[in-house]
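Look over the sequence and the structure shown below.

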Amino acid sequence: MRKVILGLMVGMLFSSSSFAENVQLPKQYNLNLATAEKLTENAEKACQQLNKHFAIAILDRGGQPLVIKRHESIGPHNALAAQKKAFTALSTKTPTTIFSQNARQNVDSQNLTSFPELLLLGGGFPVVYQNEVVGAIGIAGSGGSKNDDWCAEQAIKMTFNSQEK
C-alpha cells in the first residue's frame, strides 16, 4: 500500500505544472492571399508600362504558392521559372539578380546553379514587411531579367508603400 501511495505522489509531483516549461512562440507576419493578389495586380500595372506580359508566382513564407499566373501569350516554362525565382529569393532572402552576381563572384557559391530548385536569374524578390521576410515574388517572361526585376520591384513598392499612407 505504501508503494502505491508513494507512486501516486511521485506521479503527481512530475505532472505538476511547476515542471512544465513556459514556451512562447514567436509572433510573425504572414503574406495572405489578398495581398498576393494585390501584388499580382500591381505587377500587371507595372509591366503594362513596358507593354509586356509575364508569368508570376507569389509564395508565402513557407515557400508554398499563393498565386501562379501566366499570360496566355507567354511560354508555359515561364510559370515554373517565376516560381523558382520566387523560391530562390525567399530561400536566400535576397533579390535574385544580386544573389546571382554574388554567386558568380564567389568560387564557393558557383555550385549553387546545380540546385534544381534555385534559378539565378533576375526577377525574384523577397517580400519584406516590418523587417521580416513574409514571402516572395517571381516574374518571368517579360522580355528579360531587367524587365522581370523592374516589374517585381515596382509591384512590391506599389503594394506596400500604399499601406504606409
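Which residues of α3 are buried? They are Asn78, Ala79, Ala81, Ala82, Lys85, Ala86, Thr88, Ala89 and Leu90. Keep in mind that this is a predicted model.

**Helix α3**

- Helix α3 covers residues 77-92, which is 16 residues.
- At 1.5 Å a residue, α3 should span 22 Å, and its end C-alpha atoms are 23 Å apart, which agrees.
- Lys93 follows α3 and has a positive phi, near 55°.

**Aromatic pairs**

- The structure contains two aromatic pairs.
- Tyr29 and Tyr129 form an edge-to-face pair, because their ring centres are 4.9 Å apart and their planes stand at 85°, where over 60 degrees counts as edge-to-face.
- Tyr29 is in the loop between α1 (2-14) and α2 (33-49), while Tyr129 is in strand β3, so this pair ties together parts 100 residues apart in sequence.
- Tyr129 also pairs with Phe160; this pair is tilted, with 5.9 Å centre to centre and 45° between the planes.
- The second pair links distant parts of the chain, as Tyr129 belongs to strand β3 and Phe160 to helix α5, 31 residues apart.
- Through these ring pairs, Tyr29, Tyr129 and Phe160 are linked into a cluster.

**Exposure of the rings' residues**

- Tyr29 is partly exposed, at 40% relative accessible area.
- Tyr129 is partly exposed too, at 29%.
- Phe160 has 10% relative accessibility, so it counts as buried, the cut-off being under 20%.

Definitions and conventions. Residues are numbered from 1 along each chain as its sequence is written. This is a predicted model: local features need pLDDT of at least 70, side-chain atom pairs count only at pLDDT 80 or more; totals for chains, interfaces and linings use all residues. Side-chain values use heavy atoms; hydrogens and water are left out. Helices (H or I, at least four residues) and strands (E, at least two) are DSSP runs, numbered from the N terminus. The expected span of a helix is 1.5 Å times one less than its number of residues. Buried means under 20% relative accessible area, exposed over 50%, partly exposed in between (1.4 Å probe, protein chains only). Rings of Phe, Tyr and Trp (its six-membered ring) pair if their centres lie within 6.5 Å; planes under 30 degrees apart count as stacked, over 60 as edge-to-face and the rest as tilted.
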